[in-house]
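Subject: Structure handover

Dear colleague,

Below is the structure I said I would pass on. My notes on it follow.

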Amino acid sequence: MISLFVSLLLFWLLLNGSLAGDVVMVGVAASLLLAFLFRDGLAIFAEWRPNTLATTVRYFFFFLKELVKANLNVAKIVLAPSLPLTPGFVKVRTRLKSRMGRLLLANSITLTPGTLTVDMDGEWLYIHWVSVDSAEIEAATAAIVTGFEEYLEVMYG
Amino acid sequence: MNTVLGLLGGLFLIAGAAFLLFGGLGLVRMPDVFNRIQAGTKATTLGTLFSLAGAACLQPEWTLKLMLIGLFILFTNPISSQVLARAAHRSHAEKSALTAVDRLEDDQGA
């Protein structure tokens with residue numbers, strides 16, 4: 001609840017770009033009310049371990065690198081006259097347990113080279129892959145999931 | 001200093017526009033809905049981020065708000081794509097003949 005309050009207030013202050021008394025007061029009141037109303041529900045940041053800030057930053061840069069690679073990959077496929085595709089739906093498994101960790105993993109997979117999370121069932125993720133290298137669960141997991149999982153496992157478990 | 005920032009901003013805007021163009025091209029060229037979503041998601045995310053970075057270089061006082069917009073895009077874009085893809089798969093949208101395997105359909109026994 002406190003972390004929700006803090007993040008709401010932070011967003012409010014960033015959006016306003018001002019620390020004037022009345023702006024801060026309205027922000028505090030609204031954030032308090034929202035944090036109270038959603039005290040059980042919106043635990044977006046609650047599962048994050050603050051002592052893993054360094055890993056989080058490294059994860060962010062790893063993610064940005066993958067995002068750029070994903071785009072060059074899309075550009076390469078789209079610009080090639082032959083449109084080289086071998087699409088398919090593969091199944092992969094994650095070791096992550098926390099909801100937030102899994103959410104970030106699914107989102108990261110969607111934004112990285114040629115993979116799109118389609119469905120999720122417990123520890124299983126179903127991924128649409130534009131160039132299926134291997135439909136085997138272990139091989140696909142190693143190719144798609146492992147890179148992110150190493151970071152997210154430290155951050156969320 | 002201003003010319004450097006202006007130049008950098010311009011380069012970011014060009015890069016952003018280029019990736020958005022590739023995304024649009026992908027929407028036209030890709031064979032089925034899933035591959036189109038793939039092209040659409042990735043290209044629009046990075047294209048928009050580059051455009052925001054360009055705008056931040058040209059109007060430095062907007063930087064904080066532009067960063068917030070970028071953050072929201074990073075969180076919402078993949079979620080909407082995932083939901084679209086799942087809905088398409090559940091309603092048996094036509095898959096490209098190239099599709100090699102479909103583990104999701106296998107598991108659902110559909």
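What share of the 157 residues of chain A count as buried? The answer is 32%. Please keep in mind throughout that this is a predicted model.

Chain A

Chain A has six helices and three strands. Read from the N terminus, its elements follow the order α-α-α-β-α-β-β-α-α. Its radius of gyration is 19 Å, while the globule rule gives 15 Å for 157 residues; the value is well over the rule, so chain A is more spread out than a compact globule. Taken along the principal axes, the box filled by its C-alpha atoms is roughly 60 × 35 × 25 Å. Of the contacts in chain A with a separation of 6 or more, 72% are accounted for by residues 24 or more positions apart.

The chain is divided into two parts: domain 1 covers 2-37 and domain 2 covers 50-155. Taken over C-alpha atoms, the centres of these domains of chain A are separated by 34 Å.

Trp12(A) is a residue to look at in helix H1 of chain A. Apart from residues up to four places away in sequence, Trp12(A) touches Gly27(A) and Ser31(A). It has 16 other C-beta atoms within 10 Å; a residue needs 20 or more to be buried and 12 or fewer to be exposed, so Trp12(A) is partly exposed. From Trp12(A) to Ser131(A) the C-alpha to C-alpha distance is 42 Å, and the two are 119 residues apart in sequence.

The strand pair

Which way do S2(A) and S3(A) run relative to each other, parallel or antiparallel? They run antiparallel, and six bridges join them. One bridge partner pair is Asp119(A) with Tyr126(A), the latter in S3(A). The two strands form a hairpin with two residues between them. In the turn, Gly122(A) has a positive phi of about 60°. Five of the seven residues of S2(A) are buried, so this strand is largely enclosed by the rest of the structure.

Chain B

How many helices and strands does the secondary structure of chain B come to? It comes to four helices and zero strands, and the order from the N terminus is α-α-α-α. Chain B has a radius of gyration of 18 Å, well over the 13 Å from the globule rule for 110 residues, so it too is more spread out than a compact globule. The C-alpha trace of chain B spans about 60 × 25 × 15 Å along its principal axes. Of its 110 residues, 35% count as buried. Where contacts in chain B join residues at least 6 apart in sequence, 65% of them join residues at least 24 apart.

Met67(B) lies in helix H3 of chain B, which covers residues 63-90. With 14 other C-beta atoms within 10 Å, Met67(B) is partly exposed. Met67(B) is 18 residues from Leu49(B) in sequence, and their C-alpha atoms are 8.8 Å apart in space.

Where the chains meet

The contact between the chains involves 33 residues of chain A and 34 residues of chain B. On the chain A side, the elements that each supply at least two residues are helix H1 (2-16), helix H3 (53-79), strand S1 (88-93), helix H4 (99-110), strand S2 (115-121) and strand S3 (124-129). H3(A) gives the most to this side, with seven residues. By residue type, the side of chain A that touches chain B divides into 22 nonpolar, nine polar and two charged.

The core

The largest nonpolar core has 48 residues. Val74(A), Leu105(A), Ile127(A) and Leu152(A) are the residues with the most contacts inside this core.

With neighbours within four places in sequence left aside, Ile127(A) is in contact with Phe89(A), Val90(A), Val92(A), Ile109(A), Thr115(A), Leu116(A), Thr117(A), Val118(A) and Ile144(A).

Regards

Note on methods. Residues are numbered from 1 along each chain as its sequence is written. Chains are lettered from A and ligands numbered from 1 in the order in which they are written. This is a predicted model: local features need pLDDT of at least 70, side-chain atom pairs count only at pLDDT 80 or more; totals for chains, interfaces and linings use all residues. A nonpolar core is a set of buried Ala, Val, Leu, Ile, Met, Phe, Trp, Tyr and Cys residues joined through C-beta atoms within 7 Å. Two residues are in contact if their C-beta atoms, placed from the backbone, lie within 7 Å. Domain bounds come from an automatic or database domain assignment. Ala, Val, Leu, Ile, Met, Phe, Trp, Tyr, Cys and Pro count as nonpolar, Asp, Glu, Lys and Arg as charged, and the others, Gly among them, as polar. The radius of gyration is taken over C-alpha atoms; the globule rule is 2.2 Å times the number of residues to the power 0.38. Two strands pair if DSSP finds at least two bridges between them.
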